[in-house]
Amino acid sequence: MLAQKVSRSALFSCRAFAKPPKFTPSARRLLATVSDPEFAPENYPPFPEEIPTAPIEKISLRKLLNRDQKEADRLFEASKTYGFFYLNCRDSEEGEELEHGAINSARLAEEFFKLGKEEKDRYAMKNNKNTIFGYKEAGGSKTDSKGTKDTAEFMNIAKDSIVNNATWPLPKKIKEDNDVLSPFVTTAHSIGLDILKMIGTQLQLPPSAMESRHRITDSSGDQVRMTRSPPLSSTAAMEAQIATPSHTDFGSITILFNWLGGLQIWEPENPDGNKFWSASRHDDKGKWNYVKPIPGHAICNLGDGMTKFSNGILNSGKHRVVPAPGAQGDYVRYSIVYFVRPTDETPLKVLDSPAIPKFEGEEEVLLAKEHIANRARGLGINLN
Ligand SMILES: O=C(O)CCC(=O)C(=O)O
Ligand SMILES: [Fe+2]
């Protein structure tokens with residue numbers, strides 16, 4: 001692996017920020033104590049130019065917050081096709097807070113992943129049955145039917161433990177540094193919900209349709225996921241190095257920050273917006289396209305909940321993570337995600353609107369918490 005030399009002050013004297021990042025006391029402590037960090041975006045080489053990437057749209061958060069109709073139309077179009085879009089976070093204060101929150105969370109992630117296996121295993125999902133929250137070691141899920149193991153470790157932290165004092169146990173490190181995660185959780189949830197409401201408006205749904213299904217105070221599967229995956233190995237085949245297996249996200253909207261390539265989205269050969277909900281569509285012909293990380297932009301995608309609510313108008317796009325291509329593959333990869341999900345007791349069913357086709361036949365209705373548990377099990381995550 002390449003030597004990673006960057007000082008923390010160099011990292012965040014980042015010329016691209018309109019304002020210097022906000023540092024909560026814990027983030028400041030992390031800044032002071034971590035030397036020679038693994039998470040060092042200023043050091044990363046650019047994403048290789050010659051590699052084709054997914055042509056997903058860049059949406060301006062500032063324009064969305066100002067309720068710009070043209071931007072809302074572009075958002076809706078992106079939501080119906082790829083189901084993925086970039087969110088420019090550097091043109092509004094809210095966006096900057098979101099990006100800074102993700103950077104601070106990535107630093108905390110580095111501290112967490114450095115803890116010994118024994119300490120991390122105390123929070124392992126496999127040791128605490130029936131929870132989607134907690135630690136998953138590398139190799140803890142399967143990437144194909146042959147049982148090939150994934151290469152990423154991740155930690156899922158419940159929104160309810162951060163902002164609602166729920167009982168799910170938080171690791172000491174994360175509890176001590178709650179002022180890193182809690183601003184990120186509240187900002188990400190609020191921006192995510194706002195985007196959902198704008199998409200809902202395009203579907204002729206009142207704002208309450210999304211608000212009532214995503215109240216931050218109601219218990220939900222919302223979580224921050226911190227993921228760490230190793231550099232590309234030149235001795236193993238790419239298919240043996242999948243960090244995160246192919247999946248769609250289980251909730252409503254995902255706000256993702258990554259700083260190295262590796263995320264790929266599935267581009268079906270014959271897209272048909274109304275069939276994306278069906279798992280069988282995932283076997284269709286198509287290809288994997290890299291999503292190039294763009295500084296200051298989150299990558300957002302819709303999850304299964306929105307496809308269900310819209311009866312397939314909105315797409316929960318299939319994606320996976322492989323090692324970063326080219327020279328970026330020499331670095332350890334971090335990503336920080338916030339998943340906005342329908343609250344636990346929300347029935348996942350087609351919503352009533354003149355703009356949404358009625359469900360034909362008998363609709364099988366699961367609660368959001370049941371759907372999330374089923375999908376987590378499907379990825380080989382042991383929930384009992
Ligand atoms: O790490 C990434 O870039 C994406 C991760 C992801 O898709 C997930 O955690 O659901
Ligand atoms: Fe995902």
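1. Overall make-up. The chain of this predicted model has 384 residues, of which 56% count as buried, and its secondary structure comes to 12 helices and 14 strands. Among the contacts with a separation of 6 or more, 79% are made by residues 24 or more positions apart.

2. Iron site. The iron ion (ligand 2) is coordinated by the NE2 atoms of His 247 and His 319 and by an OD atom of Asp 249, at 2.1 to 2.2 Å. Along the chain, the donors of this ion follow the spacing H-x1-D-x69-H.

3. Helix H5. Residues 93-114 form helix H5, whose 22 residues reach 32 Å from the first C-alpha to the last, close to the 32 Å expected at 1.5 Å a residue. Of these 22 residues, 18 are buried, so H5 is largely enclosed by the rest of the structure.

4. Crossing of H4 and H9. The axes of helix H4 (residues 69-80) and helix H9 (residues 178-202) come within 10 Å and cross at roughly 90°, which makes H4 roughly perpendicular to H9. On the H4 side the contact involves Gln 69, Ala 72, Asp 73, Leu 75, Phe 76 and Ser 79, which meet Ile 195, Met 198, Ile 199 and Gln 202 in H9. By class, this contact of H4 with H9 has 6 nonpolar, 3 polar and 1 charged residues. As background to such a pattern, residues three or four places apart in an α-helix point the same way, because there are 3.6 residues a turn.

5. Lys 120. This lysine lies in helix H6 (residues 117-121) and, at 7% relative accessibility, counts as buried. Leaving aside residues up to four places away in sequence, Lys 120 touches Phe 112, Phe 113, Leu 115, Tyr 135 and Glu 153.

6. Ile 242. The loop between strand E5 (223-229) and strand E6 (244-247) holds Ile 242, which is buried, with a relative accessible area of 5%. Its C-alpha atom is separated by 6.2 Å from that of Val 321, although the two residues are 79 residues apart along the chain. Not counting residues up to four places away in sequence, Ile 242 touches Thr 143, Lys 149, Asp 150 and Thr 151, and also Arg 320, Val 321 and Val 322.

7. Val 365 sits in the loop between strand E13 (347-348) and strand E14 (366-367), where, at 39% relative accessibility, Val 365 counts as partly exposed. Its contacts, not counting residues up to four places away in sequence, are with Pro 347, Leu 348 and Lys 349. Val 365 and Pro 55 are 310 residues apart in sequence, and their C-alpha atoms are 34 Å apart in space. In helix H12 (residues 368-378), the buried residues are Ala 368, His 371, Ile 372, Ala 373 and Ala 376, and these pack against helix H11 (304-309), E13 and E14.

Conventions
Residues are numbered from 1 along each chain as its sequence is written. Chains are lettered from A and ligands numbered from 1 in the order in which they are written. This is a predicted model: local features need pLDDT of at least 70, side-chain atom pairs count only at pLDDT 80 or more; totals for chains, interfaces and linings use all residues. Side-chain values use heavy atoms; hydrogens and water are left out. Donors are N, O and S atoms within 2.8 Å of the metal (3.2 Å for Na, K and Ca); water is not among the atoms, so sites may look incomplete. Helices (H or I, at least four residues) and strands (E, at least two) are DSSP runs, numbered from the N terminus. The expected span of a helix is 1.5 Å times one less than its number of residues. Buried means under 20% relative accessible area, exposed over 50%, partly exposed in between (1.4 Å probe, protein chains only). Axes are lines fitted to C-alpha atoms, for helices over the stretch in contact, and angles run from 0 to 180 degrees between N-to-C directions. Angles under 35 degrees count as roughly parallel, over 145 as roughly antiparallel, 65 to 115 as roughly perpendicular and the rest as oblique. Contact means heavy atoms within 4.5 Å. Ala, Val, Leu, Ile, Met, Phe, Trp, Tyr, Cys and Pro count as nonpolar, Asp, Glu, Lys and Arg as charged, and the others, Gly among them, as polar.
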